[in-house]
Amino acid sequence: MALELRSYNDYADLTKKYLRNYHTFKLTEKMMEEDIRSKEQILSASLDVGAAVARYGDAPAGGHTELNGIEAACERHLQMRQDIQNMKSDLSELRRLTDKIDIAFNVADDIARSMVRDYYMDGYSWEQISMRHHYSARWCREKVKKAVEDMSMVIFGMKAKPLQLSFVFVQ
């Protein structure tokens with residue numbers, strides 16, 4: 001399902017949601033890495049499958065649609081490999097997002113970066129941020145709003161910035 005964002009505010013709002021969930025994203029990355037390692041260990045341990053000895057005599061001939069032990073083990077092996085591949089793909093996508101957020105922080109100055117982190121990631125109120133940074137709460141909100149706008153452009157590209165009017169100067 002692809003997100004279709006049409007307005008400038010949609011990108012800024014999504015950037016705010018990403019910032020609020022940043023810590024969760026980072027923890028999820030770590031857990032996904034651990035899950036992948038665990039599945040890879042299980043997969044490598046499951047490669048030792050012994051082949052059954054062929055039996056002749058009373059065994060029914062043909063007509064079997066069920067998988068025998070080796071075929072079932074192979075099917076489980078293939079399914080686990082597919083699961084690992086899907087998990088790696090999801091992890092890669094999540095890493096791309098967190099990397100974009102990390103890079104987006106570089107567009108803000110130190111004060112704005114600290115305020116964004118305080119408000120969106122650590123949950124401080126505007127009054128607490130105001131007292132911490134020795135600025136008015138209104139000024140802090142404006143500084144953070146501008147920083148989030150700039151960050152959304154880094155994360156989503158030029159489509160996140162409203163088009164500026166072209167000025168034509170007449171002589």
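**Close-up views of a predicted model**

**View 1. Helix α5 and its two faces.** The face of α5 turned away from its buried side carries E127 and M131, both exposed. This view, like those that follow, is taken from a predicted model. Helix α5 spans residues 126-133, and its buried residues are W126, I129, S130 and H133. These four lie on the same side of α5, because they cover an arc of only 105° around the axis. Among the elements that cover the buried residues of α5 are α4 (110-121) and α6 (137-156). H134 follows α5 and has a positive phi, near 65°.

View 2. S152 belongs to helix α6 and counts as buried, because its relative accessibility is 0%. Leaving aside residues up to four places away in sequence, S152 touches Y11, A12, T15, G157 and A160. Its side chain also reaches the backbone oxygen of E149, at a distance of 2.7 Å. S152 and I101 are separated by 51 residues in sequence, while their C-alpha atoms lie 8.9 Å apart in space.

**View 3. A nonpolar patch on the surface.** I103, V107 and V154 together form a nonpolar surface patch with about 230 Å² of accessible area. Of these residues, I103 is found in helix α3, which covers residues 69-104. I103 counts as exposed because its relative accessibility is 52%, the cut-off for this class being over 50%.

**View 4. Salt bridges within helices.** The structure holds eight salt bridges, and one of them joins the side chains of E34 and R37, with an N to O distance of 3.1 Å. E34 and R37 are three residues apart in helix α2 (residues 22-45), so about one helical turn separates them. Both partners are partly exposed, E34 with a relative accessible area of 40% and R37 at 43% relative accessibility.

**View 5. The pair R113 and D110 in helix α4.** A salt bridge links the side chains of R113 and D110, at 2.8 Å from N to O. The two residues stand three places apart in helix α4 and are thus separated by about one helical turn. R113 is partly exposed at 21% relative accessibility, whereas D110 is exposed, with a relative accessible area of 57%.

**View 6. The pair K146 and D150 in helix α6.** K146 and D150 form a salt bridge in which the closest N and O atoms are 2.8 Å apart. K146 and D150 are four residues apart in helix α6, so about one helical turn lies between them. An α-helix has 3.6 residues a turn, so residues three or four places apart point the same way. K146 counts as partly exposed, at 45% relative accessibility.

How values were computed:
Residues are numbered from 1 along each chain as its sequence is written. This is a predicted model: local features need pLDDT of at least 70, side-chain atom pairs count only at pLDDT 80 or more; totals for chains, interfaces and linings use all residues. Side-chain values use heavy atoms; hydrogens and water are left out. Patches are made of residues with over 30% relative accessible area and no salt bridge: like charges are joined within 9 Å, nonpolar side chains (Val, Leu, Ile, Met, Phe, Trp, Tyr) within 5 Å. Accessible areas come from the Shrake-Rupley method with a 1.4 Å probe; for residues, only the protein chains shown count as cover. A salt bridge is a side-chain nitrogen of Lys or Arg within 4 Å of a carboxyl oxygen of Asp or Glu. Buried means under 20% relative accessible area, exposed over 50%, partly exposed in between (1.4 Å probe, protein chains only). The arc is that of the directions from the helix axis to the C-beta atoms. Contact means heavy atoms within 4.5 Å. A polar contact is a pair of N or O atoms within 3.5 Å; within protein, one must be able to donate a hydrogen and the other to accept it, and residues adjacent in sequence count only if both atoms are side-chain atoms.
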